[in-house]
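User: Please take a close look at one part of this model and describe how that part is built into its surroundings. I would like the cut-offs behind each term stated along the way.

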Amino acid sequence: METTDYGLERKFLALSGDAVQAEGTRISGYASLFGTRDQGGDVVMPGAYAASLARLGAEGRAVKMLWQHDPAQPIGVWDEIAEDARGLKVKGRILTEVARGREAAALVAAGAIDGLSIGYRTLRAEKDTKGQRLLREVELWEVSLVTFPMLPDARLGAKGEIAAGSEARALAALFDEARRTLAGWRQPPARRNP
């Protein structure tokens with residue numbers, strides 16, 4: 001967990017293998033998982049985001065999609081954020097019209113970035129008998145694409161156009177392998193007939 005100058009805390013979660021990007025630069029995954037202890041010793045409890053999400057919806061505001069928690073670097077929009085039985089599921093679009101968005105999309109497509117992390121303010125929490133902080137209610141501010149998530153299982157699950165790009169990458173890998181194989185194969189010297 002990390003605290004900013006604004007009193008916001010951050011939780012990192014790596015993008016999961018079920019993250020798939022579809023339709024251009026669409027991504028989805030879990031930004032937070034319920035009942036899972038993160039590297040900072042915190043456990044987010046089911047329902048922790050409900051009031052915050054309801055408040056944001058009533059005010060017509062949205063959770064921001066940032067690059068590495070930098071408020072000066074929005075890279076897209078979250079179209080859907082909701083709690084389910086597993087955790088906080090997010091679906092959104094990386095905006096490739098923004099320079100950092102193009103970079104982020106390329107890094108996600110290459111598998112170099114696959115983590116999600118939340119920026120939030122704790123409203124209600126308690127310690128359990130194991131010394132873990134149980135987060136009962138948080139005010140969600142942003143969900144970032146990150147290199148190293150605090151919660152290792154907070155990862156992208158779906159990558160839309162990037163998934164289509166993965167087919168092209170697989171094909172390119174086959175061509176590269178064939179090229180290496182051919183480069184290693186030497187043709188026997190030509191025979192001269194007397």
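Analyst: The part to examine is the hairpin of strands S9 and S10, in which five residues lie between the strands and Gly131 takes a positive phi near 85°. The model is predicted, with local features needing pLDDT of at least 70 and side-chain atom pairs counting only at pLDDT 80 or more, while totals for chains, interfaces and linings use all residues. Residues are numbered from 1 along each chain as its sequence is written, and side-chain values use heavy atoms, with hydrogens and water left out. Strands (E, at least two residues) and helices (H or I, at least four) are DSSP runs numbered from the N terminus, and two strands pair if DSSP finds at least two bridges between them.

S9 and S10 pair in the antiparallel sense over eleven bridges, and Lys127 is found opposite Arg133 in S10. Arg133 is also the bridge partner of Asp42, and strand S5 (residues 42–44) pairs with S10 in the parallel sense over three bridges. S6 likewise runs parallel to S10, joined by four bridges, with Met65 opposite Val143 in S10.

S10 is mostly covered, since ten of its 14 residues are buried, where buried means under 20% relative accessible area, exposed over 50% and partly exposed in between, for a 1.4 Å probe and protein chains only. Across the chain, buried residues make up 40% of the 194 residues.

Strand S4 (residues 26–33) has seven of its eight residues buried, so it is largely enclosed by the rest of the structure, and seven bridges join S4 to strand S8 (residues 87–94) in an antiparallel run. In helix H2 (residues 99–110), the buried residues are Gly101, Ala104, Ala105, Val108 and Ala109. Seen down the axis of H2, these buried residues fall within an arc of 135°, so they line one face of the helix; the arc is that of the directions from the helix axis to the C-beta atoms.

Beyond the end of S10, Phe148 is placed in the loop between S10 and strand S11 (156–159). Phe148 has a relative accessible area of 69% and is therefore exposed. Phe148 and Ser117 are 31 residues apart in sequence, while their C-alpha atoms are 8.6 Å apart in space. Separations of this kind can be set beside the contacts of the chain as a whole, where residues 24 or more positions apart account for 72% of the contacts with a separation of 6 or more.

Key. Contact means heavy atoms within 4.5 Å.
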